[in-house]
Amino acid sequence: MSVDRAPEAGSSETEAAATAAALHYYSIAPNTRVNVRSGPGTGYTIVRVLAEGSQVPIYCQTPGTTVTGYYGTTNIWDNIDDGEYISDAYVNTGSDGYVRPHCS
């Protein structure tokens, strides 16, 4: 006989659900195609390019190469997927600082 039960508090399933529920999508700069890199800096490989009008989740943020873009100059890089980063200078977060936790 199988019994369905809710995950215990603090379990990875609960944490993943909480993270997904809190996830927000941010718009990239208008009329801009943004390079997605394998790490937080311009020296990392471009893994793809975001199309104009894209929106991205930000899972965490980390310092990296300083970039000047549509939303100013910053060294903050946004982790938008596993091994994928974009400069926060091209993301409309509404803040000049960190809006998500630091990447570990």
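Student: So buried means under 20% relative accessible area, exposed over 50%, partly exposed in between (1.4 Å probe, protein chains only). Where does glutamate 84 land, buried or exposed?

Tutor: Glutamate 84 is buried, at a relative accessible area of 13%. Keep in mind that this is a predicted model, where local features need pLDDT of at least 70, side-chain atom pairs count only at pLDDT 80 or more, and totals for chains, interfaces and linings use all residues. Residues are numbered from 1 along each chain as its sequence is written, and side-chain values use heavy atoms, leaving out hydrogens and water.

Student: Fine. What does the side chain of glutamate 84 meet in a salt bridge?

Tutor: Its partner is the side chain of arginine 48, at 2.7 Å from N to O. The cut-off is a side-chain nitrogen of Lys or Arg within 4 Å of a carboxyl oxygen of Asp or Glu. Glutamate 84 sits in strand 7 and arginine 48 in strand 3 (residues 46–50), so the bridge ties together parts 36 residues apart in sequence.

Student: And arginine 48, how much relative accessible area does that have?

Tutor: It has 36%, so arginine 48 counts as partly exposed.

Student: How many salt bridges turn up in the whole structure?

Tutor: One.

Student: OK, zoom out. How many helices and strands are there?

Tutor: One helix and seven strands, running α-β-β-β-β-β-β-β along the sequence. Those are DSSP runs numbered from the N terminus: H or I of at least four residues for helices, E of at least two for strands. Of the 104 residues, 34% are buried.

Student: What does valine 36 touch, skipping residues up to four places away?

Tutor: Thr45, Ile46, Val47, Arg48, Leu50, Ile80, Glu84, Tyr85 and Ile86, where contact means heavy atoms within 4.5 Å. Valine 36 is in strand 2 (residues 34–37) and is buried at 0% relative accessibility. Its C-alpha is 9.7 Å from that of aspartate 81, which is 45 residues away along the chain.

Student: What's the nearest side chain of opposite charge to arginine 100?

Tutor: Aspartate 78, 8.8 Å away, so arginine 100 is buried with no salt bridge. For charge, Lys and Arg count as positive, Asp and Glu as negative, and His and the chain ends are not counted.

Student: What lies 2.8 Å from a polar atom of its side chain, then?

Tutor: The backbone oxygen of isoleucine 58. Arginine 100 is in the segment after strand 7 (84–87). Beyond its neighbours within four places, its contacts are Ala22, Leu23, Tyr26, Ile58, Tyr59, Cys60 and Gln61.

Student: Last one: where's glycine 53?

Tutor: In the loop between strand 3 and strand 4 (55–57). Glycine 53 is exposed, at 64% relative accessible area. Arginine 33, 20 residues away in sequence, is 8.3 Å from glycine 53, C-alpha to C-alpha.

Notes:
Polar contact = N/O pair within 3.5 Å; in protein donor to acceptor, adjacent residues only side chain to side chain.
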